[in-house]
Amino acid sequence: MSELETIQSDAESRIAAAADLNALEALRVEFLGKQGSVSGLLKTLGKMNPEERQEKAPAIQALRQAVADALAAKKDVLEAAELEARLATETLDLTLPAPEGARGTVHPVSQVMDELAEIFADLGFAVATGPEIEDDWYNFTALNMPESHPARAMHDTFYFPDTAPKGGRMLLRTHTSPVQVRTMMAEGAPVRIIAPGRVYRSDSDATHTPMFHQIEGLVIDRDIHLGHLKWTLETFLKAFFETDDIVLRLRPSYFPFTEPSVEVDVGFAIVKGKRVLGGSGDAPGHGWMELLGSGMVNRRVIEMSGLDPDEWQGFAFGVGVDRLAMLKYGMDDLRAFFDGDVRWLQHYGFSAYDQPTLSGGVGARA
Amino acid sequence: MKFSLEWLKYFLETEATVEEISEKLNAIGIEVEDIEDPAEKLEGFFVAEVLTAAPHPNADKLQVLTVDTGKGDPLQVVCGAPNARAGMKGVLGTAGAEVPANGMKLRKSEIRGVESNGMMCSTRELELGDDHEGIIELPGDAPVGEAFALYNGASPVFDVAITPNRPDCMGVYGIARDLAAAGLGALKPLREHVIEEGFACPVEIRTDDPEGCPAFYGRVVRGVSNGASPEWMQQRLIAAGQRPISALVDITNYMMLAFGRPAHVYDLAKLSGPVVARRAKAGEQVLALNEKTYTLDESMTVIADDNGVHDIAGIMGGEHSSVQPGTTDVLLEIAYFNPESIGVTGRKLGIATDARTRFERGVDPAWLDEGLDGLTALIQRICGGEASEIARAGKAPSEAKKVQYAPELTQKLGGVSVDEAEQRRILAALDFAVSDDWMVTVPLRRHDVEGAADIVEEVVRIHGLDHVESVALTGNVGVASPTATPAQVLERRLRRAAAGRGLNEAVTWSFLPPAEAEHFAPEGNGGLWVLDNPISEDMKAMRPSLIPGLLSAAKRNLDRGASSLRLFEIGRRYLRGDGGTSDERQALGVVLAGEKVSRGWASGKATGFDAFDAKAEALALLEEAGAPVANLMVMGEAGEQFHPGQSGTLRLGPKNVLARFGALHPRTLQAFDVDGPVVAVEIYLDAIPAKKGKDVFARPHYAPPALQSVMRDFAFLVPKGLPAGDLLRAIRGADKANIVDARIFDLFEGQGVPEGQKSIAVEVTLQPGEASYKDADLKAISDKVVAAAAKLEAQLRG
């Protein structure tokens with residue numbers, strides 16, 4: 001073995017044995033530092049004559065390269081080991097809980113109103129609103145319920161002591177129907193609107209609350225008849241419940257503001273103790289459920305709303321929003337809607353991102 | 001209204017089943033709410049004969065009977081009824097049967113050591129009457145072993161809802177007429193009554209109030225005996241939910257329930273002088289049949305004699321002249337009262353009776369003589385007696401309405417085409433007369449029919465609404481246009497933004513307890529809207545703010561043990577508008593209560609909400625609402641409901657308040673009995689300015705600058721009272737061309753800061769334009785910043 005080979009082998013074995021980066025650095029200085037042994041050999045080249053240099057230089061250069069490579073390789077190894085050792089001390093128990101964010105929710109009534117607005121927008125219905133503190137004239141008189149009308153008594157009306165600007169009492173609207181009159185008066189005909197909102201009846205038991213939500217539908221045009229009403233209700237209910245299996249039963253009824261008046265029942269079955277819409281109510285295991293009141297707008301209402309009843313006719317309907325929400329999403333206690341119990345809101349409420357869309361389906365999956 | 005199948009079949013010849021009748025009733029607009037079959041309730045009860053009766057060995061008042069049930073060996077039954085005796089026939093409830101009156105299930109048992117295999121029943125136990133003195137005694141020919149329901153002729157009972165426009169169906173006969181028209185059978189002709197009138201009516205009958213009582217007919221019947229009404233009548237009345245009282249009372253009830261025709265019977269002995277329909281005198285009183293005394297006024301029609309009022313006309317009779325078991329001579333009254341005045345009087349007095357319900361909706365004005373004859377005939381048949389001639393005062397409306405109709409209207413309005421002959425048949429069956437050119441004469445009892453649309457309804461409902469086919473609305477081919485108004489879009493967006501920020505939407509009552517509403521009442525708004533007839537005191541005043549309802553909801557939750565509440569609601573505040581109108585304004589309320597962060601392994605102790613949490617919600621939601629948040633000023637005057645030092649308003653200009661926020665005042669928390677701190681926000685959606693400009697979609701032009709922005713930090717000593725926001729605004733405005741942002745990153749008082757001052761450290765972001773900043777540029781900008789701050793007495797710290 002030549003002298004150089006001995007130096008190289010000795011250097012490589014010492015580098016391999018270096019315990020840490022400090023020791024490695026000391027070796028680098030020892031071999032390749034300014035005063036280093038390999039550096040010293042390189043310096044001898046300067047004193048040689050060209051022939052001698054040509055003969056010895058490659059070996060010395062190779063030695064320097066080999067030592068440098070050995071140092072670099074060992075450095076990588078030591079650095080990797082050091083990182084690993086450091087990471088080992090940084091271990092976290094990731095079964096511990098992460099910081100909690102609050103989970104917000106949208107109330108079922110709002111969700112259902114958004115769904116209805118979406119469906120009816122596709123049918124060309126705009127959304128109209130009106131005051132909840134109404135006057136006697138809009139709530140009753142204009143809807144063909146004059147002062148002495150017995151149907152007024154059936155409305156369980158909340159009254160204020162205040163007199164309305166045009167006479168009569170101020171009251172809390174008992175239905176969304178005054179919006180019919182206000183819309184026709186303000187916008188004329190044709191009309192195609194829904195009017196959702198709070199309504200009030202002086203009634204309170206397991207299935208009634210003194211405040212609840214209704215949605216009114218009104219279509220006024222030249223050739224609208226009961227068949228259009230039926231189609232509209234079927235179409236909306238099929239879209240709302242996302243099923244084609246909706247069977248309606250129209251029953252004659254009475255509302256002063258419609259003529260003819262039609263009560264609409266929908267067929268349901270009892271599944272696991274809950275009502276599930278679908279099928280004819282006359283089918284075995286099925287029943288009919290009263291869902292909404294409707295009819296052809298009474299010509300007197302059209303007249304009092306400033307339109308010519310010989311030219312314009314149409315239908316109106318009113319349906320309980322809370323009721324629709326309960327049927328679709330399975331709540332069974334109306335009173336809980338208005339309690340603000342955060343446990344209930346968390347359970348029955350909807351994510352902010354459950355925005356109803358026609359392409360995604362207006363319903364929010366459980 | 002209830003009626004039995006048996007009663008219906010008395011008027012209607014039909015083979016239809018209960019189900020078919022029910023379906024048809026629903027189809028023609030008479031809603032069946034319930035069908036009750038008494039045979040089901042009486043299952044397990046049989047006609048039985050008592051063979052032997054012996055004293056109970058261990059009880060004085062009991063007997064041990066052997067009872068023949070017609071099947072197998074006689075049963076031993078223990079019985080406590082005094083009238084139980086050998087040889088009598090009665091009703092035995094056998095083991096397994098359920099006693100209708102109390103739901104008790106009968107079973108084989110031992111009573112004081114003696115086996116009993118059933119129960120002999122009283123009428124009360126079977127809900128057939130009130131008698132509980134003894135057990136039912138059946139006639140000797142009652143067939144032993146027959147089901148008692150069958151023997152008793154139990155008939156299914158329909159409970160129907162009659163809409164207020166159909167008083168003519170508030171009697172079984174009217175319902176039968178409708179069913180017959182709908183093809184469910186044939187209406188039987190009514191019995192013709194020929195009353196032998198033995199003498200002139202001895203009582204003068206008069207109407208001095210032709211407006212309230214257009215027609216008043218009377219007749220005297222002498223020599224009646226007012227016992228119990230016959231079994232068949234009692235059964236019909238009981239099925240209809242009427243308790244039998246005495247023959248005369250039952251007969252008037254029967255007339256009302258059969259024909260929708262209320263009538264009244266006076267004890268003639270209690271009357272003196274002419275019997276007159278007149279207006280009550282103010283303050284006049286009457287003791288009515290319900291044993292209450294009513295004070296009347298001059299708007300009310302009454303029936304009176306020389307001594308005073310005997311009847312609140314059409315609503316309720318008086319106690320004084322009511323018929324008694326010993327009554328022998330009676331005055332019958334059949335009248336036509338003005339429906340409106342009956343309604344007004346009934347509402348004023350708060351009396352709801354079957355008579356009022358019918359008169360108020362309008363009885364048949366054409367059925368006075370027939371009604372009186374029918375009443376007389378029944379009385380004579382059941383109570384005997386001799387009838388007088390009829391005394392008639394006034395005249396009921398007799399002019400029939402005529403409506404020009406056209407058969408094609410069923411299609412135009414009802415969406416269903418009905419054969420002309422069928423239309424004529426239907427109308428005739430309902431007693432409408434139709435001329436060749438479709439002029440329709442309306443029967444007088446149909447007060448509800450006014451125009452062609454009503455005729456359409458009659459035809460279509462009898463023809464069947466199930467024939468109406470769905471027809472699509474026209475229009476809107478292609479993609480539907482947006483329909484929501486800007487206000488609706490705003491509301492929807494805010495709702496989802498709030499939920500996205502972790503808030504839970506609640507819907508709370510529009511009404512509040514008055515004290516809570518008063519606590520949040522705005523100043524100078526003419527006061528709250530307060531209900532006259534609230535459902536309870538706690539639901540009396542309309543909310544002037546969304547915070548109180550949410551605060552109460554938060555309290556309920558905290559009381560239930562909830563630890564953290566983030567509630568919001570979007571709804572109306574009810575204020576007063578001009579000239580007595582209501583001014584309802586959409587608002588968004590937020591209430592944050594309890595723990596903001598609950599205690600945790602990493603975060604340590606629980607922390608509560610503070611006013612800055614409220615500010616954060618207010619600003620974030622206003623930003624989502626499109627309000628120019630950068631231009632908002634934080635000012636005071638959030639209202640006395642808020643902590644005076646930890647609340648504020650966000651305004652666009654000094655007048656326009658977009659929102660208020662902050663910690664609630666301890667007095668507010670005390671008033672609502674909530675533990676604090678609680679912070680709240682109220683955003684006034686109506687105050688948020690609408691977006692201007694036509695270009696709704698394109699954003700303003702923007703290209704990210706090529707050069708990097710530069711940060712410079714400044715620390716100022718400022719007077720302690722200087723709002724930090726003022727300093728920030730001054731710095732931002734110091735050099736608008738270069739300064740794009742300024743943020744406070746440190747706030748310090750105490751050591752090293754002179755008394756009465758605080759140190760505010762601000763990080764200013766500078767954005768170079770075309771060229772990088774040179775030292776001189778930066779120096780110039782810094783000088784402007786320092787100069788702007790100096791105007792607020794802020795000194796750059798060395």
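User: How confident is the predictor in chain A on average, and which of the elements of chain A score lowest and highest in confidence?

Analyst: As a general rule, where pLDDT is low, the predicted coordinates should not be read in detail. This is a predicted model, and chain A has an average pLDDT of 91, with 99% of the residues scoring at least 70. Within chain A, confidence is lowest in helix H7 (residues 150-153), at a mean of 72, and highest in helix H12 (residues 342-348), at 97.

User: What are the corresponding values for chain B, and what does the model score in ipTM and pTM?

Analyst: Chain B averages a pLDDT of 92, and 99% of the residues score at least 70. The lowest mean in chain B, 81, belongs to helix H3 (residues 38-41), while the highest, 98, belongs to strand S29 (residues 504-505). For the model, ipTM is 0.89 and pTM is 0.85.

User: How many residues does each chain bring to the contact between chain A and chain B?

Analyst: In general, the size of an interface is often given as the accessible area lost when the parts come together. Here the description is by residues: chain B supplies 78 residues and chain A supplies 70 residues. On the side of chain B that touches chain A, helix H14 (residues 486-500) of chain B gives the most, with seven residues. That side of chain B comprises 33 nonpolar, 25 polar and 20 charged residues.

User: Which domains does the assignment give for chain A, and what distance separates their centres?

Analyst: The domain assignment divides chain A into domain 1, covering 2-89, and domain 2, covering 108-348. Taken over C-alpha atoms, the centres of domain 1 and domain 2 of chain A are separated by 92 Å.

User: How should I read a pair of packed helices, and at what angle do H5(A) and H11(A) cross?

Analyst: Two packed helices are described by the angle between their axes and the distance between the axes. For helix H5 (residues 108-122) and helix H11 (residues 321-329) of chain A, the axes come within 9 Å and cross at roughly 95°. H5(A) and H11(A) are therefore roughly perpendicular to each other. On H5(A) the contact is made by A:Pro108, A:Val109, A:Val112 and A:Met113, and on H11(A) by A:Val321, A:Asp322, A:Leu324, A:Ala325 and A:Tyr329. By class, this contact of H5(A) with H11(A) has eight nonpolar residues, no polar ones and one charged.

User: How do H5(A) and H9(A) cross, and which residues make the contact?

Analyst: The axes of H5(A) and helix H9 (residues 226-241) of chain A come within 10 Å, crossing at roughly 130°. H5(A) and H9(A) are therefore oblique to each other, and H5(A) passes H9(A) in a right-handed crossing. The contact involves A:Glu115, A:Ile119 and A:Phe120 of H5(A), together with A:Phe236, A:Ala239 and A:Phe240 of H9(A). Five of these residues are nonpolar, none is polar and one is charged.

User: In chain B, at what angle do H7(B) and H10(B) cross, and is the crossing left-handed or right-handed?

Analyst: Helix H7 (residues 247-259) and helix H10 (residues 369-383) of chain B have axes that come within 10 Å and cross at roughly 140°. H7(B) and H10(B) are therefore oblique to each other, and their crossing is right-handed. From H7(B), the residues B:Ala247, B:Leu248, B:Ile251, B:Tyr254, B:Met255 and B:Phe259 meet residues of H10(B), among them B:Gly371, B:Gly374, B:Leu375 and B:Leu378. By class, the contact of H7(B) with H10(B) has 11 nonpolar, two polar and no charged residues.

User: What value does phi take at A:Lys272?

Analyst: Phi of A:Lys272 is near 50°, a positive value in a residue other than glycine. A:Lys272 lies in the loop between S8 and strand S9 (274-277) of chain A.

Note on methods: Residues numbered from 1 in each chain as written. Chains lettered and ligands numbered in written order. Predicted model: local features only at pLDDT ≥ 70, side-chain atom pairs only at ≥ 80, totals over all residues. Contact = placed C-beta atoms within 7 Å. Helix = DSSP H or I, 4+ residues; strand = E, 2+ residues; numbered from the N terminus. Nonpolar A, V, L, I, M, F, W, Y, C, P; charged D, E, K, R; others polar. Axes fitted to C-alpha atoms, helices over the stretch in contact; angles between N-to-C directions. Parallel < 35°, antiparallel > 145°, perpendicular 65-115°, else oblique. Domains from an automatic or database assignment. pLDDT = per-residue confidence, 0-100. Left-handed = near helix turned anticlockwise from the far one by under 90°.
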